[in-house]
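Good morning, and thank you for coming. I would like to walk through one model today, beginning with a helix and ending with the ligand.

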Amino acid sequence: MSIKNSFKNLLPLTEVIASNPQMLRVNPSILRFLNNYMGKFQIRRVDSQLILHSHLPPLNSRAYARFVQEHLLAKTPGPSHGQIGLTNACPQNCACCYNKNRQGKVMDKETIIKTAGDLKKMGVVWLGLTGGEPLLNKDIIEITERISEGCAIKLFTTGSTLTGKLAADLKKAGVFSVSVSLDHWEESTHDAGRRYAGAFREALKAIDIFKNLGMDVGVSAVLSREMIRNNQTEDFLRFLMGLEINEAWLSEVKPSTESYRNPEMVISEEDRLKLVNLQDKYNRQGKMTVNYLGHFEGKECFGCNAGHKMVYIDAFGDVSPCVFTPMRFGNVQEEPIKAVFSEMKTRFPSESVCFINKNYRLIQKYAAGQPVLNKTNTLKMMEEVKFTPLSHFSELYYRQKTGQPATGRQKMANKPVEEI
Ligand code: SF4
């Protein structure tokens, strides 16, 4: 925790508690954890929103009040975070795209809206709109308008095809934060990774458009292990600070697709900690939030909640534990998301280590050359998966719930959603 950040956060946190007094009913050990966690970041004001970082709803929003009520107090067994693919179409062709070669019948507008509505009823308070390039879904404004009440909507985009009008409509429809993809500070390297000439320029243009509207703007960057080990992350972060964006959302390349299922490319715990330390260093400076997914999902924080508090529905309706896990538990065009999630969750206790980083060899074994495991192979594979202990947060969370020391497989956590 940074003392400087904690001091700067005092006033906004007072506002948060004033607007959401039920925070004070949260168990003290969880509150202490959250206080320490928040102390690593500086709360930023964007319009009237108080934002810690873009992986949580604004702290003074109804979505955050729901997070406190439904997850921290009522401990709903449903997910808190979801992502929905609005289309698999994309002008770019990234080598590391986790959606590559997914196929099926595209979800229509009403299916997307119904699924998002069901997710909210189950507890989702943060929803990422992704793709493909989500801006290519012509219904994106209507979809956003109809799902954003009480739920923080974050947009992940390459920036391709964005216009000033579309950006303004997205803001009005309820997008609280945008992340534009940018993987390198050199135009040629970024374009080569995206296999699309002009990707870099389109991203920078989109960042400017969103910034001019006063939106919460970040960059989402996928770092290769080579970049992390060659100490190039700092060069990149310095470049991003020059763009005067609010947040750098960092992740390492995940072994989601065949060409990345290579032990030479998957990061080690040492690499992860290196990024955590960089994140903390930049956040102490307070000029741009650095939000490394491997920290949020690390053992010292919330852990990996794939299939547990996180769910991904791709553009074809297939349900996976998270965007990076090419496994299929069902399809929302065939059965309700609640039933699919409930079954998936019985197999996914929260754990402390990234599921895909740990289990990519098993995925490889059961993929049989397919980009996404079918349900039969998914279930077979799950019989071989060994889960790690809970993260620090989940230890506190489930200990509170059962009154007993938490164990790896939580009976309560594993109850089907219908039964709770
Ligand atoms: S599998 Fe990895 S990327 Fe997916 S939710 Fe877990 S930690 Fe995050």
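Let me begin with helix α8, residues 199–212, which has 14 residues and reaches 20 Å from its first C-alpha to its last. That is close to the 20 Å expected at 1.5 Å a residue, the expected span being 1.5 Å times one less than the number of residues. Helices here are DSSP runs of H or I with at least four residues, strands are runs of E with at least two, and both are numbered from the N terminus.

Two remarks on conventions. Residues are numbered from 1 along each chain as its sequence is written. The model is predicted: local features need pLDDT of at least 70, side-chain atom pairs count only at pLDDT 80 or more, and totals for chains, interfaces and linings use all residues.

Returning to α8, its buried residues include Ala-199, Phe-200, Ala-203 and Phe-210. A residue is buried if 20 or more other C-beta atoms lie within 10 Å of its own, exposed if 12 or fewer, and partly exposed in between, with C-beta atoms placed from the backbone. The buried residues of α8 pack against β5, α6, β6, α7 and β7. Just after the helix, Gly-214 takes a positive phi of about 75°.

Which residues touch the most other members of the largest nonpolar core? They are Leu-127, Ile-153, Ala-248 and Val-319, in a core of 104 residues. To this core α8 gives the most, with 7 residues. A nonpolar core is a set of buried Ala, Val, Leu, Ile, Met, Phe, Trp, Tyr and Cys residues joined through C-beta atoms within 7 Å.

Ile-153 lies in strand β5 and is buried, with 25 other C-beta atoms within 10 Å. Beyond four places in sequence, its contacts include Leu-127, Leu-129, Val-175 and Phe-176, where contact requires backbone-placed C-beta atoms within 7 Å. Ala-63 is 90 residues from Ile-153 in sequence, yet their C-alpha atoms are 9.6 Å apart.

Now to the sheet. It is open, with 9 strands in the order β9-β8-β7-β6-β5-β4-β3-β10-β11 and mixed pairing. The edge strands β9 and β11 each have a single partner, so one side of each is left without a neighbour in the sheet. Two strands pair if DSSP finds at least two bridges between them. Strands β8 and β9 pair in the parallel sense over 4 bridges, and β3 runs parallel to β4 with 5 bridges. Strand β4 has 5 of 5 residues buried, so it is largely enclosed by the rest of the structure. Trp-126, Gly-128 and Thr-130 cover one of its faces, and Leu-127 and Leu-129 the other.

Some backbone details deserve mention. The peptide bond from Gly-131 to Gly-132 is cis, with omega near 15°, and Gly-132 sits in the loop between β4 and α5. Thr-161, although not a glycine, has a positive phi of about 75°; with 13 C-beta neighbours inside 10 Å, Thr-161 is partly exposed. Asn-231, also not a glycine, has a positive phi of about 55° and is exposed, with 10 other C-beta atoms within 10 Å.

Finally, the ligand. Its surroundings include Glu-297, Cys-304, Met-310, Phe-324 and Phe-355, a residue being near if its backbone-placed C-beta atom lies within 6 Å. The shell has 8 nonpolar, 2 polar and 1 charged residues. Here Ala, Val, Leu, Ile, Met, Phe, Trp, Tyr, Cys and Pro count as nonpolar, Asp, Glu, Lys and Arg as charged, and the others, Gly among them, as polar.

Terms used:
Contact = placed C-beta atoms within 7 Å.
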